[in-house]
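Biologist: I'm new to this one. Could you put it up and walk me through it?

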Amino acid sequence: MAESAAQNVTFPSNAGQAHGYLALPPQGGGPGLLVVQEWWGLTSHIKAMVDRFAAEGYLAMAPDLYGGTTTHDRAEAAALLAELPVDGAVRDLRGAVDFLLAHPAIVGDAVAVVGFCMGGGFAMRLASQEGDRVAAVVPFYGLPREADYDYRGLTAHVLGHFAERDHGLPLEAVDEAAIRIGEATDRRPEIHFYPAGHAFMNDENLLGTYDPLQAGIAWRRTLTFLRGHLG
């Protein structure tokens, strides 16, 4: 294991308890925002992303989908992802939405969801199931694995960040997903492609693809988008 998972809150999920990391904005309250982890787990990088969103005024939280396990080893991360039940993970995420919307510091009656890699796919699944409770969803280089995924429940505004040099997610698959979203909903997703590799936002640089310039552009676009659709 690379490190201990960042956890400071517990919430009901799957008829049991799930854990996550929560950060409050400096003003004490704000719109709710979920950060969904990469396949490495709830690492210090994901914790830092939660802290960055909180500093921008959001009540931000990352659920721990691996139950305390993290890794910096690609083979172990692949195994953890393969063993993760999709339905169980989405139920944990739905429990996290319940937790945020019931939090005394929440502002508004909907949340945003930002997901990275594996988390991008889960963010889209969650938004498609939660309807109006998710106002905005931002997948970074990740989508549901099913090419024919059904987006008909999606009402959130969508901003997608994808890498031109991503061997695991071809540009054609992103274009097809954007078409399917447009056909299934009244939303036209805003999609951006970056001259970078997969995980260009991850400054731990575990894949050697971190790109601070493109990461900064994507970060600013994300903040502008969230302020336009969530507050």
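Biologist: Which residue forms a salt bridge with Glu 146?

Modeller: This is a predicted model, where local features need pLDDT of at least 70, side-chain atom pairs count only at pLDDT 80 or more, and totals for chains, interfaces and linings use all residues. Residues are numbered from 1 along each chain as its sequence is written, and side-chain values use heavy atoms, with hydrogens and water left out. A salt bridge here is a side-chain nitrogen of Lys or Arg within 4 Å of a carboxyl oxygen of Asp or Glu. With the closest N and O atoms 2.6 Å apart, the partner of Glu 146 is Arg 125.

Biologist: Is Arg 125 buried or exposed?

Modeller: Buried means under 20% relative accessible area, exposed over 50%, and partly exposed in between (1.4 Å probe, protein chains only). Glu 146, at 34%, counts as partly exposed. Arg 125 has a relative accessible area of 11%, so Arg 125 is buried.

Biologist: Which helix do the buried residues of H2 pack against?

Modeller: Helices are DSSP runs (H or I, at least four residues), numbered from the N terminus. In H2, residues 74–83, the buried ones are Ala 77, Leu 80 and Leu 81. They span an arc of only 100° around the axis (taken from the directions from the helix axis to the C-beta atoms), which puts them on the same side of H2. Contact means heavy atoms within 4.5 Å, and what they pack against is helix H4.

Biologist: How many salt bridges are there by this rule?

Modeller: One of them joins Asp 51 and Lys 47, at 3.2 Å from N to O. There's also a network linking Arg 94, Asp 98, Glu 130 and Arg 133. The count comes to 8.

Terms used
Helix = DSSP H or I, 4+ residues; strand = E, 2+ residues; numbered from the N terminus.
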